[in-house]
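The model is a predicted one.

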Amino acid sequence: MRVAAHALSVSRALLAVPLVVALHGGAAAAALAVLLLAIVSDVLDGVLARRSVRPGGRFGAYLDVGADAVFLLSGLTTLWALGRMPAWLPIVAAAMLARFFATSPRATGPRYDPVGKHYGTLLYGVLAVWLLGAPAHVLQVTLVLVAVATAASLVGRTRFLRGSARVAPPAVKR
């Protein structure tokens, strides 16, 4: 099952190519279909990895987040390049994903903080809303949500990492 989960992660990263092609071709329905395939692959690879006799471990976790990063950043960057999204959104998304990798030690594997673990889900939602061509006020709301989630994730991850780095005080003998 682990191999299947890894294959789904790799396929999600590869789905970035048809997403970018569809966006450049103005094929919104095709881009949405590719996005839905990516979301399904993300859900399924998580289910398969958790059901595995020996869960995917560090490699699978990094592969999953890496596939999300490739797919999401490809879509967000393409929308920016086409003039449909402000430049700061893919830049902030890239910085947040880079921060996740930089603060997740290779020896122990990814470190998921309470807010940050849902950040990718938010970005999938934002991509969907923008692909659907939502009204301007809805698009503005997604930008505010990303800004708030980014701030919350930065604060939450800092606190999480500080808290997890603390060593428990020695037990007092009675």
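## Helices α4 and α6

Helices α4 and α6 pack with their axes 10 Å apart, at an angle of about 35°. The crossing of α4 past α6 is left-handed. On the α4 side, the contact is made by D68, F71, L72, G75, L76 and L79. The partners in α6 are G120, L123, Y124, L127, W130 and L131.

Sorted by class, the contact of α4 with α6 has nine nonpolar residues, two polar residues and one charged residue.

## Helices α3 and α4

Helix α4 also packs against α3: the two axes cross at roughly 170° and come within 11 Å. Angles over 145 degrees count as roughly antiparallel, and α3 and α4 are therefore roughly antiparallel to each other. From α3, the residues V34, L35, A38, D42 and D45 take part in the contact, and from α4, D64, D68 and F71.

Four residues of the contact of α3 with α4 are nonpolar and four are charged, with no polar ones. Two of the α4 residues named here, D68 and F71, also belong to the contact of α4 with α6.

## Helices α1 and α3

The axes of α1 and α3 lie 8 Å apart, and the helices pack at an angle of about 160°. That angle makes α1 roughly antiparallel to α3. The crossing of α1 past α3 is left-handed.

In α1, the residues A4, A5, L8, S9, S11 and R12 meet A38, S41, D42, L44, D45, L48 and A49 of α3. By class, the contact of α1 with α3 holds seven nonpolar, three polar and three charged residues. A38, D42 and D45 of α3, part of this contact, also take part in the contact of α3 with α4.

## The largest pocket

How much space lies in the largest pocket? The value is about 850 Å³. The lining consists of 33 residues, and those closest to the centre of the pocket are D42, D64, V65, D68 and Y112. Of these, D42 in α3 and both D64 and D68 in α4 are also residues of the contact of α3 with α4.

Which helix gives the largest share of the lining? That helix is α3, with seven residues. Helices that each supply at least two lining residues are α1 (2-14), α3 (28-51), α4 (57-81), α5 (88-102), α6 (119-131) and α7 (136-165). The lining of the largest pocket divides into 13 nonpolar, 10 polar and 10 charged residues.

## S74 in helix α4

S74 is a residue of helix α4. The C-alpha atom of S74 is separated by 6.0 Å from that of A16, although the two residues are 58 residues apart along the chain.

Apart from its neighbours within four places in sequence, S74 is in contact with A16, V20 and A69.

Methods
Residues numbered from 1 in each chain as written. Predicted model: local features only at pLDDT ≥ 70, side-chain atom pairs only at ≥ 80, totals over all residues. Heavy atoms only, no water. 1 Å grid on protein atoms, 1.4 Å probe; cavity = no way out; pocket = protein on both sides within 12 Å on 5 of 7 lines; lining within 4 Å. Points joined across faces, edges and corners; volume = space filled by probe spheres on them. Helix = DSSP H or I, 4+ residues; strand = E, 2+ residues; numbered from the N terminus. Nonpolar A, V, L, I, M, F, W, Y, C, P; charged D, E, K, R; others polar. Axes fitted to C-alpha atoms, helices over the stretch in contact; angles between N-to-C directions. Parallel < 35°, antiparallel > 145°, perpendicular 65-115°, else oblique. Left-handed = near helix turned anticlockwise from the far one by under 90°. Contact = heavy atoms within 4.5 Å.
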